[in-house]
Amino acid sequence: MIISNGTIHDAIHEEAYQSDIAIRDGVITEIGTNIQPLENEEIIDAAGMQIYPGLVEAHSHLGLRTSGAGNMGMDINEKSNIMTPYLRGIDGFYPQDMSVRKALEAGVTTVCAGPGSSNIIGGTFFVTKTYGSSIDKMVMVKTAAMKCAFGENPKNLYGTKGCTSRMTVTGKFREMLYLTQDYMLRKEAAHGDIQKMPKFDMNCEAMIPVLRREIPLKAHAHRADDLCTAIRIAKEFDLKLTLEHCTEAAMIVEELQEAGYPLAVGPALSFPGKSECTSYSFETPGILARAGLSVSIITDHSVVPQENLPICAGLAVRAGMDPFAALQAITINPAKHIGVESRVGSIEIGKDGDVLVATGDILLNSTKVKMVILNGKCVVNQ
């Protein structure tokens, strides 16, 4: 496939440029002018159109809450236990939900999705493309991060079950980390001798990749103090960390600069239904980006419908964010945030053939996505 004559916004270079793109065997193989087509190769004339990389969402619950199904289709939070690291988001994903198709039609081709934030440790997120009938064929990374939550959510759900303060949330979190450390040491000391091995513990087994820094903690934190607590825990146990939501992040810019962790900011296009979210602002992503921090803009679908990701970035621009920074906040930055930047997030040779063809600036609500190409296949033509 060759996409010709379009104006390319590759999310790497600030200035757009007119060029052709060759996508073969699902991968971008050439970017330039006068690309010679292969025999019977499809050529898409994108004259007058704007070409973007497929959009990337760093924090979503897409496919884990079925549209219109009420509580029957709610597979985001497990309410039976406050500590459920053994859960895998991939086991709750429903590809046939209409929201997945709407996301694809809006140009969102890659999503990091998983359990919600009612549990202190809720289970693992995964990274998936948004086209297909089976998650086993759609998925890019089955275990991308371990979700954890600070602040009001665990208190609200488990307030009558022994968790009534932020100190309790953090204390139980530390306890799980210490238990996993002990479990790991006992397994190592057993040297494979089944008689000496500790009793199997599903929670500890699930947490081992976190302690070994194989996957990051994906830390739900709105308030400034909760963000600082997540950072404190990560440093205490030498863990990888990404900070999610970051509603009050603009209040602690210096601390975030010192820590250097990636930030997923949002959702701001929703009603602040709890006290820790009253500082929702589309100014926040721009403030953080100007401070040199790695910023991804997120919808937290279904809080904000997944298809509104580019609208959220556009509203950040209206609130003062640099347009190129906003584009990067829904393309290459979230790809880095979730560890798949070698495959998606920009238009570069060697990356997956995930490209969208739009009538205008993708950050403007008036723009229409005409075509979505995913893995080199045209999956949306509207």
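I take a disulfide to be a pair of cysteine sulfur atoms within 2.5 Å. On that cut-off I find 0 disulfides in the structure.

The model is predicted, so I note the limits: local features need pLDDT of at least 70, side-chain atom pairs count only at pLDDT 80 or more, and totals for chains, interfaces and linings use all residues. Numbering runs from 1 along each chain as its sequence is written, and side-chain values use heavy atoms, with hydrogens and water left out.

**Cysteines.** I checked Cys-148. Its closest cysteine sulfur is in Cys-246, 12 Å away, which is too far for a bond. For Cys-246, the nearest cysteine sulfur is that of Cys-228, at 11 Å. Cys-148 has a relative accessible area of 1%, so I list Cys-148 as buried (under 20% relative accessible area; exposed is over 50%, partly exposed in between; 1.4 Å probe, protein chains only). Cys-246 is at 0%, so Cys-246 is buried too.

**Helix α4.** The 25 residues should span 36 Å at 1.5 Å a residue, and the end C-alpha atoms are 36 Å apart, which agrees. The expected span is 1.5 Å times one less than the number of residues. Buried residues in α4 include Phe-173, Met-176, Leu-177 and Tyr-183. Among the elements covering the buried residues are β9 (139-149), α5 (202-211) and α6 (224-237) (contact: heavy atoms within 4.5 Å). His-191 follows α4 with a positive phi, near 50°.

Note on methods:
Helix = DSSP H or I, 4+ residues; strand = E, 2+ residues; numbered from the N terminus.
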